[in-house]
Amino acid sequence: MGELTAVIVLAETNGFELIRNKKQLTGYAGLDVREKQSGTSVKGKPRISRKGNRHLRKSLHLPSLSSVKYNESHKNLCENRCQKRG
């Protein structure tokens, strides 16, 4: 993660002042997974909620792509998840 991304994350979360755990942070960023349910119809594919802070989500997008490309452990994790999902 670069310096600019770190500054954006700190600014958008107000220095993590109100963030107490990982689940709360992912929900605030809108990166938590939600299943689509509509009454009695068939369930949809799970997707990220995108209800959180769009500036935070946008600033984390490119660093995550770079991490998957250049970091071997992140690359393996991504490949394993993609194989499970098909």
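Analyst: Let us start with accessibility: with a 1.4 Å probe and protein chains only, a residue is buried under 20% relative accessible area, exposed over 50%, and partly exposed in between. F16 has a relative accessible area of 35%, so F16 is partly exposed. The model is a predicted one, in which local features need pLDDT of at least 70 and side-chain atom pairs count only at pLDDT 80 or more, while totals for chains, interfaces and linings use all residues. Residues are numbered from 1 along each chain as its sequence is written, and side-chain values use heavy atoms, with hydrogens and water left out.

User: Where is F16 found, and with which residues is F16 in contact?

Analyst: Two terms are needed here. Helices (H or I, at least four residues) and strands (E, at least two) are DSSP runs numbered from the N terminus, and contact means heavy atoms within 4.5 Å. F16 belongs to the loop between α1 and α2. Apart from neighbours within four places in sequence, F16 is in contact with V9, L10 and L25. From F16 to S49 there are 33 residues in sequence and 21 Å in space, C-alpha to C-alpha.

User: Is N53 buried or exposed, and what does the side chain of N53 join?

Analyst: N53 has 11% relative accessibility and therefore counts as buried. N53 is placed in the loop between β2 (47-48) and α3 (54-70). For the second part, a polar contact is a pair of N or O atoms within 3.5 Å; within protein, one must be able to donate a hydrogen and the other to accept it, and residues adjacent in sequence count only if both atoms are side-chain atoms. The side chains of N53 and E12 are joined by such a contact of 2.7 Å. Residues up to four places away in sequence aside, N53 touches E12, Y28 and A29.

User: How many salt bridges are counted, and which residues form a salt bridge?

Analyst: A salt bridge requires a side-chain nitrogen of Lys or Arg within 4 Å of a carboxyl oxygen of Asp or Glu. The count by this rule is one salt bridge. D32 and R34 form a salt bridge, with their closest N and O atoms 2.9 Å apart. D32 counts as buried because its relative accessibility is 15%.

User: How is a pocket found, and what lines the largest pocket?

Analyst: Rolling a probe the size of a water molecule over the atoms shows where empty space is left. On a 1 Å grid over the protein atoms alone, a pocket is an open set of points where a 1.4 Å probe fits, with protein on both sides within 12 Å along at least five of seven lines; lining residues have an atom within 4 Å of a point. The largest pocket is lined by 28 residues, with L31, I48, S64, R81 and R85 nearest its centre. The largest share of this lining, eight residues, comes from α3, and α2 (22-29), β2, α3 and α4 (72-85) each supply at least two residues.
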